[in-house]
Amino acid sequence: MECTVCGSAIKEGRAQCGYCGFFPGFTFDDAGLAAEQRDADDHREAIVSKLKNFSVSVYDNSNENSSRSGQGTPRLLFGDGKECDNDVVWSREIFTQYRDEKTERLTINYESAGKKKSGAISIDIPPTVNYWRIGLKINSNLKLRVYLGTTVKGATMKDFPLSLR
Ligand SMILES: [Zn+2]
């Protein structure tokens with residue numbers, strides 16, 4: 001069975017989605033399905049409203065004389081879950097295609113229900129652009145979709161599972 005909220009597979013015999021915590025209903029007439037969709041919408045909204053202060057730590061390659069390892073990690077701010085919900089928020093900062101780097105390693109920081117969380121992610125650098133930004137969107141599957149590019153079209157992306165429970 002697929003979770004109505006996030007689409008994750010709910011294991012046989014389980015009453016609750018292991019990713020987002022939703023309890024699916026078991027009435028499958030029209031009224032039951034409509035009620036389940038309302039519950040699912042409320043559940044998603046409650047989760048997204050508890051996701052706060054998304055930021056991304058990234059190495060700064062803008063200074064050619066700096067060694068990558070020696071650079072500080074500026075923290076780009078993206079806002080709360082509501083701002084990124086089904087909508088890409090792009091960094092104000094622009095990054096230059098630099099050296100022969102093929103991937104960019106980012107650290108994603110955020111708060112979920114008041115607890116600080118973070119995790120690392122590696123994303124391919126889009127090969128066809130000279131400059132790129134970082135974009136964040138809470139996708140329909142409640143994963144954080146991380147983009148590198150200048151527009152969604154042509155950007156590379158990767159889904160980052162969030163800690164929701
Ligand atoms: Zn779910």
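Begin by colouring the protein chain by burial: buried residues, meaning those with 20 or more other C-beta atoms within 10 Å of their own C-beta, placed from the backbone, make up 27% of the 165 residues. This is a predicted model, in which local features need pLDDT of at least 70 and side-chain atom pairs count only at pLDDT 80 or more, while totals for chains, interfaces and linings use all residues. Residues are numbered from 1 along each chain as its sequence is written.

Next, switch to colouring by pLDDT, the predictor's confidence in each residue on a scale from 0 to 100. The protein chain averages 88, and 90% of the residues score at least 70. Select residues 65-70, where the pLDDT is below 50 and where the model has three contacts beyond near neighbours in sequence, a contact being a pair of C-beta atoms, placed from the backbone, within 7 Å. Where pLDDT is low, the predicted coordinates should not be read in detail.

Now show the cartoon, with helices (H or I, at least four residues) and strands (E, at least two) taken as DSSP runs and numbered from the N terminus. The protein chain has two helices and nine strands, and from the N terminus on they follow the order α-β-β-α-β-β-β-β-β-β-β. Of the contacts between residues at least 6 apart in sequence, 50% join residues at least 24 apart.

Serine 57 has threonine 107 of strand 5 as its bridge partner, and lysine 52 stands opposite glutamate 111 in strand 5.

Finally, move to strand 5 and strand 6, which run antiparallel and are joined by ten bridges. Here serine 112 stands opposite lysine 115 of strand 6. The hairpin of these strands has two residues between them, and in this hairpin alanine 113 takes a positive phi near 50 degrees.

Notes
A residue is buried if 20 or more other C-beta atoms lie within 10 Å of its own, exposed if 12 or fewer, and partly exposed in between; C-beta atoms are placed from the backbone. Two residues are in contact if their C-beta atoms, placed from the backbone, lie within 7 Å. Two strands pair if DSSP finds at least two bridges between them.
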